[in-house]
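Here is a brief report on one structure. The sequence and the coordinates come next.

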Amino acid sequence: MIEIKGLTISFDGETVLENIDLIIRKNEITTIVGQSGCGKSVLMKTIEGLITPETGTVSVDGNNIFSLSRKDLNSTRRKLAMLFQGAALLDSLNVYQNVALPLMEHSKLSEDKILALVTDKLKLLGLIDILDKMPSELSGGMKKRVALARAIIMQPEYIIYDEPTTGLDPIIANEIVELILKLHNNFAVTSIIITHDLNCIRKIKGRIAMIHEKKIVFDGTYNDFINDNGVYIKKFINMN
Ligand SMILES: Nc1ncnc2c1ncn2[C@@H]1O[C@H](COP(=O)(O)OP(=O)(O)O)[C@@H](O)[C@H]1O
Ligand SMILES: [Mg+2]
C-alpha cells in the first residue's frame, strides 16, 4: 500500500499540491486524473522520492520514504517501476541494452540469463526480433512497449505510468492500455495510471482520484466519477 498524507509541494513559493491525502491499495488499479499542469507528474515524482515535499509523508508498505536511509530508500524504490511521460529510452543504447539496463545495474545475473529475461519480456509485449534496433528506428508505440518491458524487468510490485497514451494515435493508445491491463493481471502488481485521456480512463475503469486546484476533489469508482455532477468533473469529461 502507498499512503500519502498531508502532502504539500511548492516550487519557489508557488504551491502545486496542497494537503493531499491518498491511499493506493495493493493489487488495485488507481487512475490519477486532472488537467495538464495540475501536478500529476509532480505527485508521481514525489512517490518515487525525486521531489521532497514541504510537508507530508509518502509511505510505501509502511515506510515513509522521506525518513529512510539511502540504502532502504533504494530497496523501496526497487519495488516501484516508473513509466515516464514519453518513453525515456536512452538513444545511444539499443533495445536490448535499454531493457537490460536495470538488471545490469542491480543484479548479478549472467549475460545469458539477462538475455533470456529481456527476450521474454519483449515477447510478452509483442516485440520480436528488435533487440539490436536503436530507439530512433522504432515507432512511438514500439518505444512505449520497450519502455514497458524495461519497467517490468525488475519484477516491481508497483507500476506507475505517467500519461501512457498521450501523443499516441487512438489505435496504438488502445493497444498500450490493453498491455497495461495484461501486465496488471499477469503479474498481480499494483498499477497507478496518471492520465488526462478519457478513452484510457474508460477502458481501465479503475478507481479514480482527481486533482483539481491543488487538491483531490474526487476519490471513488469509475461509475461514480462518470455520473458525478461536480462542475470540475463534468468540465473535465466534456473537454476530452
Ligand atoms: N521541478 C520543478 N520546478 C518548478 N516548477 C515545477 C517543477 N516541476 C513541475 N513544476 C510545476 O508544477 C506544476 C505541475 O506540473 P506537472 O506535475 O508536470 O503537471 P501535470 O499534471 O501536467 O503532470 C506546473 O505548473 C509546473 O510548471
Ligand atoms: Mg505530467
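This is a predicted model: local features need pLDDT of at least 70, side-chain atom pairs count only at pLDDT 80 or more; totals for chains, interfaces and linings use all residues.

## The antiparallel sheet

Four strands form an open sheet. Their order is β2-β1-β4-β5, and the pairing is antiparallel. The edges belong to β2 and β5 (63-64). Each edge strand has a single partner, so one of its sides is left without a neighbour in the sheet.

In general, strands of a sheet pair through backbone hydrogen bonds, in either a parallel or an antiparallel way. Take the pairs of this sheet one by one.

## Strand β1 and its two partners

Strand β1 spans residues 2-11, and strand β2 spans residues 14-24. Seven bridges join these two antiparallel strands. Within this pairing, S10 stands opposite T15 of β2. The β1 and β2 hairpin has two residues between the strands. There, D12 takes a positive phi near 50°.

Strand β1 also pairs with β4, residues 55-60. This pairing is antiparallel too, with five bridges. In it, T8 stands opposite T55 of β4.

How many bridges link β4 and β5? Two, again in the antiparallel sense. The bridge partner of S59 is N64, in β5.

## A parallel pair

Strand β6 (residues 80-83) and strand β7 (residues 158-162) run parallel. Four bridges join them. L80 has Y158 of β7 as its bridge partner.

Which way do the residues of β6 point? L80 and M82 point one way, while A81 and L83 point the other way. Buried or exposed? L80, M82, A81 and L83 are all buried.

Strand β1 covers residues 2-11 and strand β2 residues 14-24.

Terms used: Residues are numbered from 1 along each chain as its sequence is written. Chains are lettered from A and ligands numbered from 1 in the order in which they are written. Two strands pair if DSSP finds at least two bridges between them. A residue is buried if 20 or more other C-beta atoms lie within 10 Å of its own, exposed if 12 or fewer, and partly exposed in between; C-beta atoms are placed from the backbone.
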